[in-house]
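Open the model in your viewer and keep the selection tool at hand. The stops below go through a sheet, its helices and a pocket.

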Amino acid sequence: MRQPKIIDRSQDERFMREALALAGQGAALGEVPVGALLVQDGEVVGRGFNCPITTHDPSAHAEMVAIRAAASVVQNYRLPGSTLYVTLEPCSMCAGLIVHSRIARVVFGTTEPKAGVAISRGEFFSQAFLNHRVLIEGGLLAQECSEMLSAFFKARRSS
């Protein structure tokens with residue numbers, strides 16, 4: 001499986017650590033610990049963590065929440081030049097939103113072997129039919145992101 005290259009590790013790590021903190025907020029609420037933030041011009045404009053259970057909204061994935069918040073902040077449904085940091089490889093629903101919102105780059109932590117569409121279950125972002133190209137970089141703080149998810153599910157199984 002191909003792992004995309006990380007470009008600016010210091011800035012990327014800082015933002016991914018913030019995404020991990022957001023994932024922890026979700027875990028504290030009993031949500032699957034996935035966190036995301038959207039950065040434009042070096043500033044965080046949207047933050048989110050998984051909350052479909054607490055909001056009764058199946059679309060409330062971390063990426064969706066962060067992108068909605070960012071679009072509201074910048075007052076535009078398009079977010080060109082932005083980078084989305086997310087602790088888990090995006091699913092097909094989130095991948096579609098990423099393309100439609102014109103995000104330039106996605107940096108994710110760990111792969112999602114069951115439903116990830118950046119590299120695990122296919123390479124959605126490289127499909128010829130898409131009218132927007134997204135740079136995908138994976139594996140940043142992958143071990144920490146993976147451990148948070150594993151610990152959450154282990155605790156859930158033992159309850």
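Which residue takes a positive phi in the hairpin of β1 and β2? Select Asp41: its phi is near 55°, and the hairpin has two residues between the strands. This is a predicted model, where local features need pLDDT of at least 70, side-chain atom pairs count only at pLDDT 80 or more, and totals for chains, interfaces and linings use all residues. Residues are numbered from 1 along each chain as its sequence is written, and side-chain values use heavy atoms, with hydrogens and water left out.

Next, select residues 35-40 (β1) and 43-49 (β2), which run antiparallel and are joined by six bridges. Strands are DSSP runs of E, at least two residues, and helices are runs of H or I, at least four, numbered from the N terminus; two strands pair if DSSP finds at least two bridges between them. Ala36 stands opposite Gly48 of β2.

Widen the view to the open sheet, whose five strands follow the order β2-β1-β3-β4-β5 with mixed pairing. Its edge strands, β2 and β5 (135-138), each pair on one side only.

At the β5 end, select β4 (residues 105-110), which runs parallel to β5 and is joined to it by four bridges. Arg105 has Leu135 in β5 as its bridge partner.

Last, select α5 (residues 142-158), which gives the largest share of the lining of the largest pocket, four residues.
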